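Please prepare a short briefing on the structure below, with the points grouped by topic.

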Amino acid sequence: MMSSKIGPIILGAVLTLILLNACQRQAVPRADMPLLTDTSLSKGALLSVSCNNCHAKTGLGIPNYSNHSAKRIKKYLTFYKTDTNGTSVMHRMARGLSDEEIALIAGYLEASK
Ligand code: HEC
């Protein structure tokens with residue numbers, strides 16, 4: 001009789017422990033991403049950290065820009081920034097960048113191929 005009530009409680013406790021354990025896992029930085037704690041990084045490198053989360057060389061189904069020239073990256077970012085009707089993630093990213101920041105990112109990404 002009692003075991004039919006205790007079963008779900010034990011299951012709930014075990015699932016909670018598994019969930020808590022999963023929440024404590026540390027994010028492991030990817031090898032191709034510079035660390036934000038490195039103060040010697042240029043502004044272009046720092047601005048490009050967020051890009052590499054999606055555009056990593058390992059690829060996640062997102063276009064890999066590692067072979068793009070600075071000119072082409074600048075062209076795309078300027079397009080996304082100035083295309084007022086766009087709602088994609090890149091439009092949102094680029095709208096927050098100044099022209100100077102776009103040039104720094106493009107220069108850094110080309111140099112770090
Ligand atoms: C949240 C994920 C995400 C982040 C962060 C991101 N991008 Fe993108 N980017 C995308 C996706 C998705 C596309 C494809 C959009 C499409 O095809 O409409 C794209 C497209 C591009 C393209 C065009 C590539 C091509 O050959 O078609 C360039 C260049 C680019 N991103 C550069 C950047 C730069 C530089 C940054 C950082 C400032 C950045 N992205 C940050 C997801 C992201």
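Among contacts in the protein between residues at least 6 apart in sequence, 56% join residues at least 24 apart, where two residues are in contact if their C-beta atoms, placed from the backbone, lie within 7 Å. This is a predicted model, in which local features need pLDDT of at least 70 and side-chain atom pairs count only at pLDDT 80 or more, while totals for chains, interfaces and linings use all residues. Residues are numbered from 1 along each chain as its sequence is written.

**Overall make-up**
- The protein has 5 helices and 0 strands, and its elements run α-α-α-α-α from the N terminus on; helices (H or I, at least four residues) and strands (E, at least two) are DSSP runs, numbered from the N terminus.
- Of the 113 residues of the protein, 8% count as buried, a residue being buried if 20 or more other C-beta atoms lie within 10 Å of its own, exposed if 12 or fewer, and partly exposed in between, with C-beta atoms placed from the backbone.

**Around the ligand**
- The ligand is surrounded by 17 residues, of which the closest are Cys51, Cys54, Pro63, Tyr76 and Met90; a residue is near a molecule if its C-beta atom, placed from the backbone, lies within 6 Å of it.
- Two or more residues of this shell come from each of α2 (43-54), α3 (70-82) and α4 (89-95), and α2 gives the most, with 4 residues.
- By class, the shell holds 12 nonpolar, 5 polar and no charged residues, where Ala, Val, Leu, Ile, Met, Phe, Trp, Tyr, Cys and Pro count as nonpolar, Asp, Glu, Lys and Arg as charged, and the others, Gly among them, as polar.

**Ile73 in helix α3**
- Ile73, which is placed in helix α3, counts as buried because it has 21 C-beta neighbours inside 10 Å.
- Not counting residues up to four places away in sequence, Ile73 touches Tyr65, His68, Ile105, Ala106 and Leu109.
- Ile73 and Ala106 are 33 residues apart in sequence, and their C-alpha atoms are 5.5 Å apart in space.

**The two sides of helix α5**
- In α5, Ile102, Ile105, Ala106, Tyr108 and Leu109 are buried.
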